[in-house]
Amino acid sequence: MSTTTDLQSLAERAGQELAGATATEALTWVAETFPLERWILASNMQDAVLIDLAAKVTSGFDVLFLETGYHFPETIGTRDAVATVYPVNIVNALPDLTVAEQDAEHGPKLFERAADRCCAMRKVIPLRRTLSRYDAWVTGVRRVDAPTRANTPIVGWDERNGLVKINPIAAWTDEEFNAYITEHGILENPLVGAGYPSIGCAPCTAKPLPGADPRSGRWAGKAKTECGLHG
Ligand code: SF4
């Protein structure tokens, strides 16, 4: 296993060398740099764009899914379809407590009273625990997602989780993203077609109003806009 210092230097070097890389070039670098068991690709199962791109480069890689216990059935169905269609291993990152146990310990509907605490227990901690087994993770973060993501690099050092973070489609516009789905017939969560452009846990996802910011349906009515996964 590489040391943290080695990985950080690697991330910084690759960050410069791959600053203008295409998604396929970035994913090829991942496959050639890290042993298969040392990197993982994260997906919220909104679509399989990133998984499809990676599967064109290599196979048998791990796909991280944060199984919060609060997902829409359509999201679970998309995860299961991905597992059938692509040669990947789904890694379900589970919280310490089931939803019923959390309700018993912290009271029901914690997401309504303390969404940050609920996200910490059901997403952030399981993510950190899972990532501790890897040297690198690949995400579908794009610069157009939010102003806070405008400077997302193709390769960078994830200080919070202590591993290399690769964002192969960071530079993609919405038009490029949607064109890839159409041209390649990519698997998509059925909720996208039903009017949910940004899908998270069911209790915290609403349909945005017509013409509103696509992410405005997440934690609608609250100041919260991020889970704390990509800070
Ligand atoms: S998105 Fe909502 S339900 Fe999901 S972990 Fe966060 S607060 Fe809890």
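I began with leucine 50, which is buried at a relative accessible area of 8%; buried means under 20%, exposed over 50%, and partly exposed in between, with a 1.4 Å probe and protein chains only. I note that this is a predicted model, in which local features need pLDDT of at least 70, side-chain atom pairs count only at pLDDT 80 or more, and totals for chains, interfaces and linings use all residues. Residues are numbered from 1 along each chain as its sequence is written, and side-chain values use heavy atoms, with hydrogens and water left out.

**Entry 1: leucine 50 and leucine 41**

I located leucine 50 in helix H3. Helices (H or I, at least four residues) and strands (E, at least two) are DSSP runs, numbered from the N terminus. I then listed the contacts of leucine 50, setting aside residues up to four places away in sequence: Leu41, Ala42, Val138, Thr139, Gly140 and Pro168. Contact here means heavy atoms within 4.5 Å. I also looked up a C-alpha separation: leucine 50 and isoleucine 169 are 119 residues apart along the chain, and their C-alpha atoms are separated by 7.8 Å.

Leucine 41 is buried, with a relative accessible area of 0%. Apart from neighbours within four places in sequence, I found leucine 41 in contact with Leu50, Ile51, Ala54, Phe61, Asp62, Val63, Leu64 and Val138.

I asked how many residues of strand S2 are buried. I found that 5 of the 5 residues of S2 (residues 62-66) are buried, so the strand is largely enclosed by the rest of the structure. Asp62, Leu64 and Leu66 point one way from S2, while Val63 and Phe65 point the other way.

I looked up the pairing with strand S1 (residues 39-42): S1 and S2 run parallel and are joined by 3 bridges. Two strands pair if DSSP finds at least two bridges between them. Within this pair, alanine 42 stands opposite leucine 64 in S2. From S1 the chain passes through helix H3 (residues 49-55) to S2, a β-α-β crossover that is right-handed. Right-handed means that, with the strands pointing away from the viewer, the path from the first strand over the helix to the second runs clockwise.

I then followed S2 to strand S3 (residues 89-93), with which S2 pairs in the parallel sense over 5 bridges. Here leucine 66 stands opposite alanine 93 in S3. The chain crosses from S2 to S3 through helix H4 (residues 73-85), and this β-α-β crossover is right-handed.

**Entry 2: salt bridges**

I searched the whole structure and recorded 7 salt bridges. A salt bridge is a side-chain nitrogen of Lys or Arg within 4 Å of a carboxyl oxygen of Asp or Glu.

One of them joins the side chains of arginine 38 and aspartate 135 (2.8 Å, N to O). Arginine 38 lies in the loop between helix H2 (23-33) and S1, and aspartate 135 in the loop between helix H7 (115-131) and strand S4 (136-138), so the pair ties together parts that are 97 residues apart in sequence. Arginine 38 is buried at 16% relative accessible area, and aspartate 135 is buried at 5%.

I next recorded arginine 129 with aspartate 96, whose closest N and O atoms are 2.9 Å apart. This pair links distant parts of the chain, 33 residues apart: arginine 129 is in helix H7 and aspartate 96 in the loop between S3 and helix H5 (99-106). Arginine 129 is partly exposed at 38%, whereas aspartate 96 counts as exposed at 58%.

Aspartate 52 forms a salt bridge with lysine 56, the closest N and O atoms being 2.4 Å apart. Buried or exposed, what are aspartate 52 and lysine 56? I found aspartate 52 buried at 9% relative accessibility and lysine 56 exposed at 53%. I also noted a network of salt bridges that links Glu67, Arg79 and Asp80.

**Entry 3: the whole protein**

The secondary structure comes to 9 helices and 6 strands. Of the 231 residues, 48% count as buried. Along its principal axes the C-alpha trace spans about 45 × 40 × 35 Å.
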